[in-house]
Amino acid sequence: MPTIHSATLLGELQQDVNELRAAADRYLVPQPHDILLQQPAPGSWSAIQCLEHLNGYGRYYLPAIDDSFRKFLSQNRPVPENFNSGWLGNYFTQSMAPKPDGGLKMKMTSPKNHRPAPALDAAHTLDEFQAQQEWMLSLLQAAKKVDIGGIRIPTTLSKLIALKAGDTFRFLIAHAQRHMLQAIRSVEKARGADAAAVTLQYLREPVR
C-alpha cells in the first residue's frame with residue numbers, strides 16, 4: 001500500500017476540497033432552483049440530490065472524525081511523519097475516484113438509506129454542502145497534529161469495518177469528486193447544454 005508524507009497528503013486533500021467548494025460556487029449556486037432540482041432522466045439524480053447524498057455521509061463521518069481527533073489530542077501521543085494507506089481504504093478510494101477524463105472506474109449502487117428524496121430544499125442543501133466542506137477543511141488542518149494512520153473511523157457499512165483516518169479523508173473526498181461531476185452533468189443536461197464539454201472544461205481547468 002502507498003506510503004505518503006502526511007503533510008503532503010493533507011495539503012493535496014485541502015486543495016481538492018477547495019476545488020469542490022469553488023465548483024459548487026461556479027456551476028451550481030448561480031443556477032435557478034428548478035434547474036438544480038430537475039432530474040436529467042427518470043431515476044437519475046438531480047444536482048441537489050447528488051449534494052444531499054454527500055451531505056448524508058458528511059452527517060455521519062465529520063462528527064466521527066472530529067470526536068476521534070479530540071480523543072487523540074487529549075492523550076498527547078506521538079504523530080508519525082508518514083501515512084501508510086490500508087489496503088481496504090486504498091481500494092475504496094481508487095474505486096470511487098473518477099478517472100482523469102471524468103469516467104467512472106466502477107459503477108456502484110447507493111445503499112437505500114443514502115438514496116436522496118427527489119423533493120428537497122435546494123437552498124438548504126447547498127448551504128449544508130458548503131458548511132460541510134468548511135468543516136472538512138478544518139478537520140484536514142487539525143489532522144496535521146494527529147496520527148491519521150493510527151486513528152480508525154468506523155464506516156457506515158458496519159462499525160466492525162473501520163478505515164484509517166487518512167483513508168477516510170481520501171475516500172470521502174473522492175466520493176465528493178465523483179458526485180460533483182454527476183451534479184454538474186445534471187445541471188448542464190437540464191439547461192440543454194453540452195454536459196460532456198462542460199465536464200471536460202471543469203476537469204482541465206479546476207477552479208480554486
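**A cavity and the helices around it**

The largest cavity is lined by 13 residues, and those nearest its centre are Leu54, Gln133, Met136, Leu172 and Ala176. A cavity is here a set of points on a 1 Å grid over the protein atoms alone where a 1.4 Å probe fits but cannot get out, and lining residues have an atom within 4 Å of a point. The structure is a predicted model, in which local features need pLDDT of at least 70 and side-chain atom pairs count only at pLDDT 80 or more, while totals for chains, interfaces and linings use all residues. Residues are numbered from 1 along each chain as its sequence is written, and side-chain values use heavy atoms, with hydrogens and water left out.

The search of the whole structure finds one cavity of 30 Å³ or more. The largest cavity holds about 150 Å³ of space, a volume being the space filled by probe spheres set on the points. At least two lining residues come from each of α3 (47–73), α5 and α6; helices are DSSP runs (H or I, at least four residues) numbered from the N terminus. The lining comprises nine nonpolar, four polar and no charged residues (Ala, Val, Leu, Ile, Met, Phe, Trp, Tyr, Cys and Pro count as nonpolar, Asp, Glu, Lys and Arg as charged, and the others, Gly among them, as polar).

Helices α5 and α6 pack at an angle of about 150°, and their axes lie 12 Å apart (axes are lines fitted to C-alpha atoms, for helices over the stretch in contact, and angles run from 0 to 180 degrees between N-to-C directions). The two helices are therefore roughly antiparallel, a term for angles over 145 degrees, whereas those under 35 count as roughly parallel. Phe129, Met136, Leu139 and Leu140 of α5 meet Phe169, Leu172, Ile173 and Met180 of α6, contact meaning heavy atoms within 4.5 Å. This contact has eight nonpolar, no polar and no charged residues.

Helix α1 (residues 6–28) also packs against helix α6 (residues 165–190), at an angle of about 20° and with the axes 10 Å apart. Helix α1 is therefore roughly parallel to α6. The residues of this contact divide into 16 nonpolar, one polar and two charged.

Against helix α5 (residues 122–142), α1 packs at an angle of about 165°, with an axis separation of 9 Å. This angle makes α1 roughly antiparallel to α5. By class, the contact of α1 with α5 contains 11 nonpolar, five polar and three charged residues.

Methods. Parallel < 35°, antiparallel > 145°, perpendicular 65-115°, else oblique. 1 Å grid on protein atoms, 1.4 Å probe; cavity = no way out; pocket = protein on both sides within 12 Å on 5 of 7 lines; lining within 4 Å.
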